Amino acid sequence: MALIQANNITKSYRMGEQEVPALKGLTFEIGEGAFAAFVGPSGSGKSTLLNLIGCLDHPSSGTLRVNGVDVSSLSRSAAATFRGENLGFVFQDFNLVPVLSAYENIEYPLLMVRGWSEAKRRERVNQMIAAVGMTEQAHKRPDQLSGGQKQRVAVARALVGQPKLVLADEPTANLDHDTAYKVLNLMKAMRDDFGTSFIFSTHDPKIMHEAEQTFTLEDGRLTAGATA
Ligand code: ADP
Ligand code: MG
C-alpha cells in the first residue's frame, strides 16, 4: 500500500469574487519509508500540497489517501485525530515554545496523549533528545540555541509521538547551507532508525538532491517526479 495516493487533486482559494487555482490536477504516489521532496519556486503550490497531505485543508476536487485513509473530506475533528495519530510537523521558523526548555518542547505533544505515565514519557523524550544529539542542551530555552539546534529539537518533537509520516515545509529555509545539509541528514537518519517517512519542501535546487524522490512543481502542476 502506498503511503500517499493522490488522484487528480486540485485546490483553489477563493479571494473575494475570484478563484485562485493553486493546484491544477496532481496524480502521484509516495511509498512507505520515503524521503521525498516537493521542489519548486515560491508560489508553485508546495505549501498548499503539504497542507492537504497534513489534513490542514481539503482538496477542491480529486481524492487523496494518506496511510490508506481517504482524507479528502475529513471533518475538522476527524482530521485533528488523524494528525495526532499519524503525522508530525516541522516548520520553517521552528515554532518552538520560547518559555519552554528543549526537553519541555519535545515533551509537549505527549502531554496531550492520554495514558502515558510520567516515567514512560521521560524515557521517550530522552530517547528522542539523544537521537537528535541534543542531550547536553536539554535544559536550554530556544533563545539559547542556534538555528540548527532549534531545528533538531523540532525534529525530535515531530517524532516523539511515533508518527507514520513527518511533513516539513521548507525546514531549511532559515539555515545556512552546511546546517541545512546536517538537518536533512539527521532527518534521513531518523527515517532509517525509526522507519518514519519524511516529505519536505524546498525552493533550493541544491538541497533537493538530498531527497531520494523529488516532485517538481511549477504553477500548480507537477512537471517532474523522479526516484533517485
Ligand atoms: P509555495 O509554498 O510553493 O510558495 P503556495 O502553496 O503557498 O506555494 O501558493 C500557491 C498559490 O496559491 C500562490 O499563487 C499563492 O498566492 C496562492 N495561495 C496560497 N495560499 C493562499 C490563500 N490562503 N489564499 C489565497 N491564495 C493562496
Ligand atoms: Mg510555501
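The model is predicted: local features need pLDDT of at least 70, side-chain atom pairs count only at pLDDT 80 or more, and totals for chains, interfaces and linings use all residues. Residues are numbered from 1 along each chain as its sequence is written, chains are lettered from A and ligands numbered from 1 in the order in which they are written, and side-chain values use heavy atoms, with hydrogens and water left out.

Of the 228 residues, 47% count as buried, meaning under 20% relative accessible area (1.4 Å probe, protein chains only). The chain has seven helices and ten strands, which are DSSP runs numbered from the N terminus (helices H or I, at least four residues; strands E, at least two). Its radius of gyration is 17 Å, close to the 17 Å of the globule rule for 228 residues, so the chain is as compact as a globular protein of that length. That radius is taken over C-alpha atoms, and the rule is 2.2 Å times the number of residues to the power 0.38. Among contacts (heavy atoms within 4.5 Å) with a separation of 6 or more, 68% are between residues 24 or more positions apart.

Strand E3 (residues 35-39) is mostly covered, with five of its five residues buried. In a regular strand the side chains alternate between the two faces of the sheet. Here Phe-35, Ala-37 and Val-39 point one way, while Ala-36 and Phe-38 point the other way. Strands pair if DSSP finds at least two bridges between them. E3 runs parallel to strand E8 (residues 197-202), joined by five bridges, and Ala-36 stands opposite Ile-199 in E8. Four bridges link E3 to strand E9 (residues 213-218), also in the parallel sense, with Val-39 opposite Thr-216 in E9.

Helix H6 covers residues 177-194; at 1.5 Å a residue its 18 residues should span 26 Å, and its end C-alpha atoms are 25 Å apart, which agrees. The expected span is 1.5 Å times one less than the number of residues. At the start of H6, a side-chain oxygen of Asp-176 comes to within 3.1 Å of the backbone nitrogen of Asp-178. The buried residues of H6 include Ala-180, Val-183, Leu-184 and Met-187. An α-helix has 3.6 residues a turn, so residues three or four places apart point the same way. Just after H6, Gly-195 takes a positive phi of about 75°.

Definitions and conventions
Buried means under 20% relative accessible area, exposed over 50%, partly exposed in between (1.4 Å probe, protein chains only). A polar contact is a pair of N or O atoms within 3.5 Å; within protein, one must be able to donate a hydrogen and the other to accept it, and residues adjacent in sequence count only if both atoms are side-chain atoms.
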